[in-house]
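This briefing is for a reader who has not seen the structure before. Please look at the sequence and the model below, then go through the points by topic.

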Amino acid sequence: MNAESSPKIVIVDESPIRAAILQEGLREAGFTGVVHISEMQSLLARIYALDPDVILIDLENPSRDVLEQMFQVSRAVRRPIAMFVDQSDSASIQASVDAGVSAYIVDGLKKERIKPILDLCISRFNAFSKLQDELDRTKSALEERKVIDRAKGILMKVKGLTEDEAYVLMRSTAMREKKKIGEIAQSILTASELLK
Amino acid sequence: MTTPLHIGFIPLVDAAALIVAVDKGFAAAEGLDVTLVREVSWSNIRDKLNIGLFDAAHLLAPVAIASSLGLGHVKVPIVAPFNLGLNGNAITVSPELHAAIMSEREGDGLDPMTTARALARVVARRRRIGADPLTFGMTFPFSTHNYQLRFWMAAGGVDPDEDVRLVVLPPPYMVDSLANGHVDAFCVGAPWNSVAVDLGVGHILHFVSDILERAAEKVLAVRQNWSERNPDVLAALIRAASRAAEFIERQENRAEVARLLAQPERIGVEAEVIQRTLDGRLKVSPGGDRRESRRYLLIGREGAARPDPAQAAWLYAQMVRWGQTAMRPDALRTAMGVFQPNLYDAAMGLQGRTPDATDAIGAFAGPAFDPTDITSHLKAFKIGHWKS
């Protein structure tokens, strides 16, 4: 693929996993010139040295404001850079802000060449946050398991129950009080802590 | 019935009127259910306000104007019916640059003309010995910080585009960048100047109130079409912010206000540092020297909350002076129209006041500001990069 069909893309992201996911997606789609910057020190100097056609940055990154300086007329800038989303494209800006990513392009690059990059970016960012949510859910499920196990142990010791009986007691209490079994387990831990 | 509102803010002390309006219940009392959303960049605030994710925002006054003019970004008309703060910034320099300026100064170090001329001599000496140009950090291309630094140094003969480097830095990175030598100085709002002084890496050289007596800093910004569709909600929001501003300005409430602002989900720095800013009693050197000014930050006092179109004209004039846009009479009218004292007066039940005839800005250098003749006004300054 020649330079004409593959613009040079810089990803500015402090999350290495998300950047890797994005980078992989862009490579699969045939965008070969992708560079990831994770270090925010002297960001503009790094970008100028790489001289990219497209810059992608996550919205949680305070250094977005640093990129705004590229629009200013300055001796340091090779050519003016403008944000991709123009006046007519509020759907794109909405989608990218929702996904948490922002794109900047070098002025003159055709819009139809940028669209697939941004679309890909949005879908990968959304995929990443879904992944993050799942990870968080798995983590909290694991935490809950630990709490239930500890509560079970307390019931077995205090009330002389078997493991199964302790579990059944917590489950029926949860159903009766319309609570989650994890909440009941947590109250047992709290109560036992207080009664120590 | 309560109206839900989403309002974006940057964790800075001049977001105080919004934070206190919510956390002390002034917004709820006006029937507003406000969710404050803490943001990390002005670009995010601007974009989320523009596309309607935010109903209102704590915004840099020049960004509201740039957005209405379509400078640097998408054109979205913004109105500012309430000033969240006047002044509040300071210029902090590294201990090395402080020593250099003090050794070159001929006069009172509190006089910005004296320090600006001393800076010019420091710059000239560095050029003679082949040292790198000094680097100054500021928060955004369309920021008061950018214009205040430029106004100050240009008065002493330093061309901000030729003689030094001005770079954008997010406020939370300012102190680190000063400590590790990536910048030699910066202009930023509270609490970052005090943080630099406390860590021993910076001296506060000037309060911005030394440079400009009244400088519109952050505004409460809403989209113009939103303001037209929701006049009653906007009026309620203005009143809530105004009650909060009055509350903040009463000395006996300061400790409580500082505690509210210090919360981790609000500004998230020590209450004591925040209170120094609110009181205008700042530690200015690592050695512990203190300086006091009633004008350091004005939130509601001296009519600070009422937007003044002359302030918007001054900010527009700075955009012209530094080549961010060319002077156009229609653009000047648009810029002045961003600041809406009539919306403020209507919400507060005040009769329209005629603006004071006196100079609204009170700059330390140059002629009194005349919003009706910006071209002649700018011609009075030697250094500038305006496009014709």
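In chain B of this predicted model, the axes of helix 6 and helix 7 come within 7 Å and cross at roughly 75°. An angle from 65 to 115 degrees counts as roughly perpendicular, so helix 6 of chain B and helix 7 of chain B are roughly perpendicular to each other.

**Helix 6 and helix 7 of chain B**

- On the side of helix 6 of chain B, the residues that meet helix 7 of chain B are B:Pro112, B:Met113, B:Ala116 and B:Leu119.
- Helix 7 of chain B contributes B:Trp152, B:Met153 and B:Ala155.
- Sorted by class, this contact between helix 6 and helix 7 of chain B has seven nonpolar residues, no polar and no charged ones.

**Helix 5 and helix 6 of chain B**

- Helix 5 (residues 95-104) of chain B and helix 6 (residues 112-128) of chain B have axes that come within 8 Å and cross at roughly 105°.
- That angle also falls in the range from 65 to 115 degrees, and helix 5 of chain B and helix 6 of chain B are therefore roughly perpendicular to each other.
- From helix 5 of chain B, the contact takes B:Ala100, B:Ile101 and B:Glu104.
- From helix 6 of chain B, it takes B:Thr115, B:Ala118, B:Leu119, B:Arg121 and B:Val122.
- The contact of helix 5 with helix 6 of chain B is made up of five nonpolar, one polar and two charged residues.
- B:Leu119 is part of the contact with helix 5 of chain B and also part of the contact with helix 7 of chain B.

**Strands 6 and 7 of chain B**

- Strand 6 (residues 135-138) of chain B and strand 7 of chain B run parallel and are joined by four bridges.
- One of the residues involved is B:Gly137, whose bridge partner in strand 7 of chain B is B:Val167.
- Between strand 6 and strand 7 of chain B, the chain passes through helix 7 (residues 144-155) of chain B, in a right-handed β-α-β crossover.
- In a regular strand, side chains alternate between the two faces of the sheet.
- In strand 7 (residues 165-168) of chain B, B:Leu166 and B:Val168 form the covered face, while B:Arg165 and B:Val167 form the uncovered one.

**Chain B against chain A**

- In the contact between the chains, 23 residues of chain B touch 20 residues of chain A.
- Helix 3 (42-50) and helix 8 (171-179) of chain B are the elements that give two or more residues to the chain B side.
- Helix 3 of chain B supplies the largest share of that side, five residues.
- By class, the side of chain B that touches chain A has 12 nonpolar, eight polar and three charged residues.

Conventions. Residues are numbered from 1 along each chain as its sequence is written. Chains are lettered from A and ligands numbered from 1 in the order in which they are written. This is a predicted model: local features need pLDDT of at least 70, side-chain atom pairs count only at pLDDT 80 or more; totals for chains, interfaces and linings use all residues. Axes are lines fitted to C-alpha atoms, for helices over the stretch in contact, and angles run from 0 to 180 degrees between N-to-C directions. Angles under 35 degrees count as roughly parallel, over 145 as roughly antiparallel, 65 to 115 as roughly perpendicular and the rest as oblique. Two residues are in contact if their C-beta atoms, placed from the backbone, lie within 7 Å. Ala, Val, Leu, Ile, Met, Phe, Trp, Tyr, Cys and Pro count as nonpolar, Asp, Glu, Lys and Arg as charged, and the others, Gly among them, as polar. A residue is buried if 20 or more other C-beta atoms lie within 10 Å of its own, exposed if 12 or fewer, and partly exposed in between; C-beta atoms are placed from the backbone. Two strands pair if DSSP finds at least two bridges between them. A crossover is right-handed if, with the strands pointing away from the viewer, the path from the first strand over the helix to the second runs clockwise.
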